[in-house]
Amino acid sequence: GDGFLIRDLPDGGSEFVLDEPALSYLRVDHRSKLQFGATELAIGTPFTLEVNGLTHRLDPQRRDGLGPLAALFPGTLRWLWTSPHGRLTAVFKNGATMTVVPDPVSKAWTVGSVSCLPPGPDRPA
């Protein structure tokens, strides 16, 4: 499987409960990828990472600016969830918070085989 369970949240969002919440490794190509055991979290669009009260605006296409993402390793996820509108939030045990908002034209994020697709006619934003 994908290495996680999905739990429905009261607000209509979903929580991803990972078998292995410790960050195994990070990979960077045209996307930013965080591997947690068998589960890959891939980010394809600009996102924010808040660490120690500082907010970093990061872009997977601008690899020279991904230092704050690399600094998450080694780390462990505390909570990973998506809002009903597709905003993904990852909170790490050290307090770092990563937020990926849905993108109108491309896949903002993927957790295992679950993707945040652009809103279509039958998927309102």
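Author: A residue is called buried under 20% relative accessible area, exposed over 50% and partly exposed in between, with a 1.4 Å probe and protein chains only. This is a predicted model, in which local features need pLDDT of at least 70 and side-chain atom pairs count only at pLDDT 80 or more, while totals for chains, interfaces and linings use all residues. Residues are numbered from 1 along each chain as its sequence is written, and side-chain values use heavy atoms, with hydrogens and water left out.

Reader: Why is Tyr25 called partly exposed?

Author: Tyr25 has a relative accessible area of 39%, and because the term covers values between 20% and 50%, Tyr25 is partly exposed. Tyr25 lies in strand E3 (residues 25-28), where strands are DSSP runs of E with at least two residues, numbered from the N terminus.

Reader: Which residues does Tyr25 touch, leaving out those up to four places away in sequence?

Author: With contact taken as heavy atoms within 4.5 Å, Tyr25 touches Lys33, Leu34, Gln35 and Phe73 once those sequence neighbours are set aside.

Reader: How many aromatic pairs does a search of the whole structure find?

Author: The search finds four aromatic pairs, where rings of Phe, Tyr and Trp (its six-membered ring) pair if their centres lie within 6.5 Å, and planes under 30 degrees apart count as stacked, over 60 as edge-to-face and the rest as tilted.

Reader: What makes the pair of Phe16 and Trp109 edge-to-face?

Author: The ring centres of Phe16 and Trp109 are 6.0 Å apart, which is within 6.5 Å, and their planes stand at 85°, which is over 60, so the pair is edge-to-face. This pair links distant parts of the chain, since Phe16 is in strand E2 (residues 14-18) and Trp109 in strand E11 (residues 109-111), 93 residues apart. Both Phe16 and Trp109 are buried, and ring pairs join Phe4, Phe16 and Trp109 into a cluster.

Reader: Which residues touch the most other members of the largest nonpolar core?

Author: They are Leu34, Leu80 and Met98, in a core of 26 residues; such a core is a set of buried Ala, Val, Leu, Ile, Met, Phe, Trp, Tyr and Cys residues joined through side-chain atoms within 4.5 Å. E9 gives the most to this core, with three residues.

Key. Helices (H or I, at least four residues) and strands (E, at least two) are DSSP runs, numbered from the N terminus.
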